[in-house]
Amino acid sequence: MAKKKQKIKVMIASTVYGFENELSAIVAQLSTLKYDVINSHHGTVKVNPNLSNLDNCLKAVEECDFFVGIIRPYYGTGNIDDLNITFEEIKTAIKLGKPYWFLVHRDVVFSRLLLGKIECKDGKGYIIKKNRFFDERSIDIYNHVIKDGEPVALRNGNWAQEFYRLDEAMTYIQAQFGDKEFIESLIKDSEDE
Amino acid sequence: MNNSFIVKNLLAKEEGTRLEFKADVSQAAIAKIVTSFINTEGGDVIIGIDDDKEVIGIEHAERKLSSLQQTLLESIKPEAPISFQIINYKNKDVILISTWEGANKPYQFKNIIYVREKATTKVSDVNSITNLIAERKNADFHWERRTVLAAELDNLSQTEIEKTIVLYKQRYTKATILDNEDFLVQTGLVRNNNLTNACVLLFASLPLRFIPQSPIRITVFPGSETGDTFLGDRLLNRNIFENIEDALDYLDIVFGKTIEVVDNLRTERHNYPQLAIREALMNAVVHRDYNSVNSFLQINVFADRTEISNYGTLPEGITIKDLKKEHNSILRNPDIAQICFTRRYIEMLGSGTLRMINDCKINGFKTPKWEEGDKTFKVIFEGVKHKNSNEGVNEGVNEGVKYIVFKDINEGVNKTLNDVLGIIRNNPELNTNEIANQIGKGVSTTERYLKLLKEENLIVFLGYPKTGGYVLKEHLDRLK
């Protein structure tokens, strides 16, 4: 009997607040396309009781075949000792050289541009009041991904996509992952490196 | 209401895109079918019917429904409008699950997206996912989801949001809601920190400030035509829930009640098909096209009929003929509909027009008529009329006006007795002579009428015989 083909494992890293339904839709989209989706919010991260939440998530990054990071203006509550789980997952995926794709919310892209242009006359800088829709730390994640990550050569192609609505995110996922043979070849290339 | 007629209607049809019969409660199979309905055109599943359309019924239906309901509400994502009910049909319990077509596609059960193709439920393929994404995109561009840039959380009625959260938690028992803002974010009424049009219509303290076309108008005309004179005219300009309550309360007064008095026992009945009027109002609220400054929702009450009309025609693919049979319900304002469903202003999904017809029938009214204009839609209830065109339904006097039918007394005297009650209501503590003058009858006749009204416990005499007068018993009761 032929050995059952292993499903490709994709890890989705994202903050959740205000994005539950959208995140569920993206998880379902990839599951329906027959990928094995790993996402902590959907309880599909294997949990080793001897490891911390963060370590379990980072272990999941190690096990995945490719990685999708979603960077939103909301930074998230999954912070342990100043470490943000989503950010740590992203850093690990980049460090391990996993094939990765990023979806970046328009507000993060815009805020980065805007805040980069702000100069205060009194030289005291600015503060952003605590709120539920934007955390400037989300820009740190974005900066890490676009500036401090892997060398530019590895970031060929449309590896990051700005999005605003769910349909934009899903259209990108569909375009990137609808062709499974293409994904398989990418994973193979990355393993051969 | 007995909804067995719905089962009868559905059994006359064959399984298809919008209908499936199931013999037993197999939860996963039913969840997949329901998910596929929500992703396609909505529809109905009847459980307790075998492949030959034989009604076999479900034992312990209530217990099974409770468990099934929990599974469906927790596992189908995002939250979707699904209604559940047990209907006794031919002495057997069957379970009816109805859904609308969802407006937050794609919907999924246990992380898999299902779609309906004719009578088959199947896992979505690449093409159908692409179609669902396109439908989602269209839905997100709809007027309801556009943001009202000037509106802020402070402009909303926190009480109405809190009432909604209470009912939402009863449906989704595991939901965690941090606060009112969190609820609006979770339900998509606040998007990227902006309030949507739907949010403002549903919850703003004064939506008129942001959406001038939001009010409901009710006008009561003396005759059977519109004109310059009217008996009552109300512009309801609060949020949707307050407007619905205000409209129903006002209509209740305009149509009035009939009280039958037999041997001192009073029974009240509405002079109008309550469920049908409520359903028609909800249809207009949910289906009206708000996306124009010309948008309106107008209720006209005449001496011979009532008309509820709104801006916006029937959705493409639905005709007036379809309204008289089972049909796909295409929602123009799904976010508003979803919250109205949570608030239980919409109790059952689908079959709304059929239930209106049924309610009119069992209450002795004609079948409602629907008319579609160039940009408008209207439902007409013949025979559903205001209480009394001669005396007027004027605003002040109107409160609590009820026409009482005294058994075994001729119609003329019945009317005079009601006139006497009206006079006492508006002018408490008149004596017999004063009342006699007002009704134009002799004192002894008037005394007879007053005696009868006292015997029926409707009025009482207050004060000394020479200086006192009559008041309504209900006014006294209210003061207690």
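Predicted model: local features only at pLDDT ≥ 70, side-chain atom pairs only at ≥ 80, totals over all residues.
Reader: What makes the link between the side chains of Glu307(B) and Arg305(B) a polar contact?

Author: The two side chains are joined at 2.9 Å. A polar contact is a pair of N or O atoms within 3.5 Å; within protein, one must be able to donate a hydrogen and the other to accept it, and residues adjacent in sequence count only if both atoms are side-chain atoms. Residues are numbered from 1 along each chain as written, chains are lettered from A and ligands numbered from 1 in the order written.

Reader: Why is Glu307(B) counted as buried?

Author: Buried means under 20% relative accessible area, exposed over 50%, partly exposed in between (1.4 Å probe, protein chains only). Glu307(B) has 10%, so it counts as buried. Its place is in strand E16 (residues 305-311) of chain B. Strands (E, at least two residues) and helices (H or I, at least four) are DSSP runs, numbered from the N terminus. Leaving aside neighbours within four places in sequence, Glu307(B) is in contact (heavy atoms within 4.5 Å) with residues including Phe302(B) and Lys378(B).

Reader: How do you know that Arg132(A) and Glu181(B) meet in a salt bridge?

Author: A salt bridge is a side-chain nitrogen of Lys or Arg within 4 Å of a carboxyl oxygen of Asp or Glu. Here N to O is 3.3 Å, so the pair qualifies. The pair crosses between chains, from the loop between helix H4 (106-117) and helix H5 (137-148) of chain A to helix H6 (residues 180-186) of chain B. Arg132(A), at 26%, is partly exposed. Side chains of opposite charge can pair when their charged atoms come close.

Reader: How many salt bridges are there between chain A and chain B?

Author: There are two. Over all chains, the search finds 32.

Reader: What makes up the side of chain A that touches chain B?

Author: The interface holds nine residue pairs in polar contact, both at pLDDT 80 or more. Helix H1 (20-32) and helix H6 (166-177) of chain A each supply at least two residues of that side. H1(A) gives the most, with nine residues. The side divides into nine nonpolar, 11 polar and five charged residues. Ala, Val, Leu, Ile, Met, Phe, Trp, Tyr, Cys and Pro count as nonpolar, Asp, Glu, Lys and Arg as charged, and the others, Gly among them, as polar.

Reader: Why is H1(A) called largely enclosed?

Author: 11 of its 13 residues are buried, so the rest of the structure largely encloses H1(A).

Reader: How do you know that the span of H1(A) agrees with its 13 residues?

Author: The expected span is 1.5 Å times one less than the number of residues. For H1(A) that gives 18 Å, and its end C-alpha atoms are 18 Å apart, which agrees.

Reader: Is Lys105(B) buried or exposed?

Author: Its relative accessible area is 3%, so Lys105(B) is buried. Its salt bridge partner is Glu101(B), at 2.8 Å, N to O. Glu101(B), at 22%, is partly exposed.

Technical notes: Heavy atoms only, no water.
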